[in-house]
Amino acid sequence: MENREMYDEINALIGAVAKAFDTSEADVVTAIEQGRLGMDMQVDQDGRNYIDATFDDRAARIYQGAIFRQGDQPPAEAEDECGGGCTCGK
């Protein structure tokens, strides 16, 4: 059993960042160590928390259960239903 504080949460964040940028978790850790990955906690216009992540020349917004990459266009039907155009399934 892992006893380090927030170990599971940090692993989940690294996994989400790797998925957002279509790379491996090891590459994400290396990018953090090299200063090539930036993360900032933000709140969108609807009050939802997200991580604003930049990796080299790419950017993504990482929400709980949804990832928006730079240039993504939300599907019209999802935007009508939940207002965010995310993949939340609402």
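Predicted model: local features only at pLDDT ≥ 70, side-chain atom pairs only at ≥ 80, totals over all residues.
## Talking through the chain

Biologist: Happy to start with a side chain: is Arg-48 buried, partly exposed or exposed?

Modeller: Residues are numbered from 1 along each chain as its sequence is written, and side-chain values use heavy atoms, with hydrogens and water left out. Buried means under 20% relative accessible area, exposed over 50% and partly exposed in between (1.4 Å probe, protein chains only). Arg-48 has 29% relative accessibility, so it counts as partly exposed.

Biologist: Which residue forms a salt bridge with Arg-36?

Modeller: The whole structure holds 3 salt bridges. In the one made by Arg-36, the closest N and O atoms are 2.9 Å apart, and the partner is Asp-56.

Biologist: How many residues apart in sequence are the parts that Arg-36 and Asp-56 tie together?

Modeller: Both residues are partly exposed, Arg-36 at 32% and Asp-56 at 46%. Arg-36 and Asp-56 form a salt bridge. Arg-36 sits in the loop between α2 (25-34) and β1, and Asp-56 in the loop between β2 and β3, so the pair ties together parts whose separation in residues is 20.

Biologist: What pattern does the chain follow along the sequence?

Modeller: Helices (H or I, at least four residues) and strands (E, at least two) are DSSP runs numbered from the N terminus. The chain has 3 helices and 4 strands. Read along the sequence, their pattern is α-α-β-β-β-β-α.

Biologist: What is the bridge partner of Arg-61 in β4?

Modeller: Two strands pair if DSSP finds at least two bridges between them. β3 and β4 pair in the antiparallel sense over 4 bridges. Within β4, the bridge partner of Arg-61 is Phe-68.

Biologist: What phi does Gly-65 take in the hairpin of β3 and β4?

Modeller: Gly-65 is in the loop between β3 (58-63) and β4 (66-69), and it is exposed, with a relative accessible area of 62%. The hairpin has 2 residues between the strands, and the phi of Gly-65 is positive, near 85 degrees.

Biologist: How far apart are the C-alpha atoms of Gly-65 and Ala-16?

Modeller: Along the chain, Gly-65 and Ala-16 are 49 residues apart. The separation of their C-alpha atoms is 9.1 Å.

Biologist: Lastly, what share of the contacts between residues at least 6 apart in sequence joins residues at least 24 apart?

Modeller: For the chain as a whole, 26% of its 90 residues count as buried. Contact means heavy atoms within 4.5 Å. Among contacts between residues at least 6 apart in sequence, the share joining residues at least 24 apart is 23%.

Technical notes
Salt bridge = Lys/Arg side-chain N within 4 Å of Asp/Glu carboxyl O.
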